[in-house]
Structure formats: structure tokens, C-alpha cells
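Hello,

Here is the structure I promised to pass on. Please have a look, then read my notes below.

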Amino acid sequence: MVTLRVAVLILVLANLLALAVWKGGLGAGSSGGEPERLSNQLNPERLRLVVESSQPAPAPPPAPVVAAPAESAPAPEPVPAPPTQAADAAPPACVAFSGLTADQAAELSARVAKTGSGFKLSESRGVGTTSWWVHIPSQGNKEGADRKAAELRRLGVEDLFIVQDAGPNQFAISLGLFKNEQAAGRHLNLLREKGVRSAQIASRGANVLRVEVRGPSDSLATLASDLSERLRGANRLECAP
């Protein structure tokens, strides 16, 4: 029975202690109780409502890109046009005179000098063919040459003579001397038509003087025609301008 009484007493004391704690009997005397204590702990004026979102916050918009002003390309320098020949300028030309004597070369130079500037002269000397000789080779002696000449006359060839000068061509029969090979060839063909079979052509050379004249084609054509008439016996040839 004593044990039961002790247990009941302890239970009562525990209830009283619990009541005292609930009433604030163990705290400060000025305490306002459980509601005031809860109010002081919460500090409602400092509370901030935070709403959580399941979606991430949107990223800030990208800063606008301001394009830098493009540098203006430098204007291309004008390319000078290649020089063109004037429409009325005549192309260059060249004409050569070969087989000249010293006097003829001097006359040619003087004639060109009178026409004024615009022409260039170049002179060269050498050994070359000056003529083509149609003939019958040496007959060895005068009697043989006379017999051959008489035979030619019977064939109708009258333009001939017997070479008397000493040398390899002594007692040859000359049938013509020509300035160009074409004319000599034509004469040889005429002789063969008459029955002359032993005639032939030989070139004859000597020291020759050649003068080339260069200048505008129109002016040079007139000058060359004038020189051709004055330089009798000279060969007029074409040459590189």
C-alpha cells in the first residue's frame, strides 16, 4: 500500500511540475507566457516570403552587339593606259640600196639629208655579187673562139664578143651581163631555144657598198622612188625596219 501511495504522490508531483512549466512558472517573472515567447522567436516583421519555382530564372538578354564601322577601302589608283600609236602615224619601213659606188653613196646621203629628220642611214661594205654573166667558157685560143663565134652567128646570135683580157676567161665568149639573176636566166632560155647548148651563167662579185634607209613608210616610199631613178645600176632591196 505504501508503494502505491508513493507512486500516486510522484504522479501528482509530476502533474504539478508539468503544469508549472506550462504556465511559465520556471521562466522570468515578466514573461508573457508561451504566446509571447513564440512571438519573440518568430520576429514576424523580419520574415520574407520566398516562392520557389521549379523553372530556372530566365537568363538576362544578351547585350546588343554594335558593329564597328567598316573601314572604307582606298580607291584604286588609276592605271595609265598604254601609249598607243597615233592613228595617222605611218609604220616604220626600210629600203636598202646595194652595189653602190662611193659617189653614189655620197649622193644618197646628201639626198636623204635634204628631206629633213625622220630617216636613219646605215652603211656596210663587203664582197658580194654585183652581176650575172651569161657566157660560153674559154675556147683555149683565138682560133677556137673564132670558130665558136661563127657557129653562134649561124644560130642567129649576134650580140656577143670574145674576151681578150688575160686570165681564166680569156677567149671566152660573152653573151650578156645582167644586174639580177632572173634577167640572166631569161636570156639563157632564149639562147637555148635557138640551139645554144654550151652557154651558162656565172655570178661576178666585187667590193660592194650597201646603204639602208629607215623611216616612216609613207615618206620612205616617195624617197626610195626618187633615189631609184638617180642611182642607176644600184639594186633596190627590202630590209627589216
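Which side chain meets Glu-123 in a salt bridge? The partner is Arg-125, at 3.5 Å from N to O. A salt bridge here is a side-chain nitrogen of Lys or Arg within 4 Å of a carboxyl oxygen of Asp or Glu. Glu-123 is partly exposed at 48% relative accessibility, and Arg-125 is exposed at 64%. Buried means under 20% relative accessible area, exposed over 50%, and partly exposed in between (1.4 Å probe, protein chains only).

Some ground rules. This is a predicted model, in which local features need pLDDT of at least 70 and side-chain atom pairs count only at pLDDT 80 or more, while totals for chains, interfaces and linings use all residues. Residues are numbered from 1 along each chain as its sequence is written, and side-chain values use heavy atoms, with hydrogens and water left out.

More on salt bridges. The structure holds seven. One of them pairs Lys-148 with Glu-151, with the closest N and O atoms 3.7 Å apart. These two are three residues apart in helix α4 (residues 142-154), so about one helical turn separates them. Helices (H or I, at least four residues) and strands (E, at least two) are DSSP runs, numbered from the N terminus. Lys-148 is buried at 17%; Glu-151 is partly exposed at 35%. Arg-214 and Glu-212 also meet, at 2.8 Å from N to O. Arg-111, Asp-226 and Arg-230 form a network of salt bridges.

Next, the disulfide (a pair of cysteine sulfur atoms within 2.5 Å). The whole structure has one. Cys-94 is joined to Cys-239, S to S 1.7 Å. Cys-94 lies in strand β1 and Cys-239 in the segment after β6 (235-238), so the link spans distant parts of the chain, 145 residues apart. Both Cys-94 and Cys-239 are buried. The S-S torsion is about -90°, so the disulfide is left-handed.

Now helix α3. Its buried residues are Gln-104, Ala-105, Leu-108 and Val-112.

Most residues other than glycine have a negative phi. Phe-171 is not a glycine, yet has a positive phi of about 70°. Phe-171 sits in the loop between β3 (161-162) and β4 (173-178), and is buried at 16%.

Best wishes
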